[in-house]
Amino acid sequence: MPHTFDAIIIGAGIMGCSTAFQLAKRGWKVAVLEKDHIGSGSTGKSSAIIRQHYSNEVTARMALYGLREFQDFKERVGGECGFVRTGYVGIASAKDQAGLAANVALQQSIGIKTDLISAECLREIMPGVETSDLVSACYEPESGYADPHLTVNAYADAARRLGAQIFVNSEVVGVRFVSGHVAGVDTKADRLDAPLVLNCAGPWGARVARLVGLDVPINPCRVQVTFFRRPAGHEAAHPVVADFIHATYFRAETGNLTLVGLIDPAEANAIVNPDSYNESVGTDFVLDVGERLVRRYPAMERSQNTGGYAGLYAITPDWHPIIDELPAGSGFFICAGFSGHGFKLGPAVGLMAAEMLIGESTPTFDRRLFRFSRYAENDPVRGRYEYSIAG
Ligand SMILES: Cc1cc2nc3c(=O)[nH]c(=O)nc-3n(C[C@H](O)[C@H](O)[C@H](O)COP(=O)(O)OP(=O)(O)OC[C@H]3O[C@@H](n4cnc5c(N)ncnc54)[C@H](O)[C@@H]3O)c2cc1C
């Protein structure tokens, strides 16, 4: 096994694999170390919704970059990502209409296809949807969802084809420094050298940061999703719906299923041990989100629940990631804390992180928003809504 690399990435989720792909494309000798298997963290359990709706220009631009990559995946990355275009509908409450309109205007100004639509228009797009509480909604016809397993493995394969090495079952247990600068990492079985190390450990991001004495506010939080089989007459796939009024999101899944999850800031309180938490879905959760779903999509009263699971969000205080070198000039970088909305950003984050490691002087995306010091400066990322995950 070769032991010297230009950069070592810790974690083979979408962030680690997409960054490895971008670095390898630029001729860098890269190693990705994964404690388990590719996509075994948040990525493999992602609902993988791809929408463009964000409150900040940089995140909206990143989401648009991601959409283009998912649409043209074979050409740009190779392999399959399973992108399904269903459209995306965002339903905000009456008090959030100004924010909704401002976000749509921002997105339109940077080339995202999105519009404010009326209740009548929404009923045409999604027959059977309940709209009596709706003032207006936003609609993105190009959005949809992807297959997270296909996607992360396609990035890993693309990186490998370009020379990157991915070591699975290889947990990083130490990061070595020489004179204050990164020199390499240790696994239980091996020592690998590199002047740059990138922490892409998702919900384990704070634990990996602690290996170098850093305390970063990234909590592993348990979240659940469940599936309902759509009844006769409603087999056709519906758009992705973010229903901020009932605090749920749902999207179609193969087999006439609808996947449902919560949009709830309180999910940040469900902090668990990421190595041992209850991965099953709870009955209370199924009943609760089932009721919320029926309020928006009454035909689901006749649906059948088909189970679900729990996964992990890596949640920061402002529900946005930390993408930074800590401390500056040390060669230790962090790219974690995507707080439940990172999948769609994965293609852009790979580029952003690669350019950060390379020291690109004119980066494609401005990563200032994600600097670690924003918390000490009391300048967190702010969205236009209270629904933190909406960004
Ligand atoms: C249920 C659910 C639904 C979601 N839905 C959406 C959605 O619809 N749209 C969206 O955009 N986002 C969504 N997300 C969020 C998105 O999936 C995540 O933000 C994204 O996958 C994070 O990727 P990552 O690479 O940062 O982390 P991860 O995928 O968790 O990867 C981190 C990897 O690091 C490895 N690792 C940890 N410690 C070590 C170590 N010491 N040594 C080696 N390896 C290590 C882990 O094993 C893991 O594989 C969802 C997440 C969940 C859980």
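Let's start at a turn: S179 takes a positive phi near 50° in the hairpin of strand 10 and strand 11, where two residues lie between the strands. Keep in mind as you look around that this is a predicted model.

Strand 10 covers residues 172–178 and strand 11 covers residues 181–187, and they pair in the antiparallel sense over six bridges. Find V178, and you will see H181 of strand 11 standing opposite. Strand 11 has another partner too: strand 12, residues 191–193, pairs with strand 11 in the antiparallel sense over three bridges. Here V185 has L192 of strand 12 as its bridge partner. Strand 11 and strand 12 also form a hairpin, this one with three residues between the strands.

Now step back to the whole chain. Domain 1 is made of 7–46 + 149–217 + 318–390, while domain 2 is made of 86–143 + 219–315. Their C-alpha centres lie 28 Å apart. Where the domains meet, 19 residues of domain 1 are in contact with 18 residues of domain 2. On the domain 1 side, the touching residues comprise nine nonpolar, eight polar and two charged.

Finally, turn to the ligand. How many residues surround the ligand? There are 40, and the closest are G11, G13, G41, G202 and G342. Both domains take part, with at least three residues of the shell drawn from each of domain 1 and domain 2. Helix 1 (14–25), strand 14 (219–229) and strand 18 (304–315) each supply at least two shell residues.

Technical notes: Residues numbered from 1 in each chain as written. Predicted model: local features only at pLDDT ≥ 70, side-chain atom pairs only at ≥ 80, totals over all residues. Domains from an automatic or database assignment. Contact = placed C-beta atoms within 7 Å. Nonpolar A, V, L, I, M, F, W, Y, C, P; charged D, E, K, R; others polar. Near = placed C-beta within 6 Å. Helix = DSSP H or I, 4+ residues; strand = E, 2+ residues; numbered from the N terminus. Pairing = 2+ DSSP bridges.
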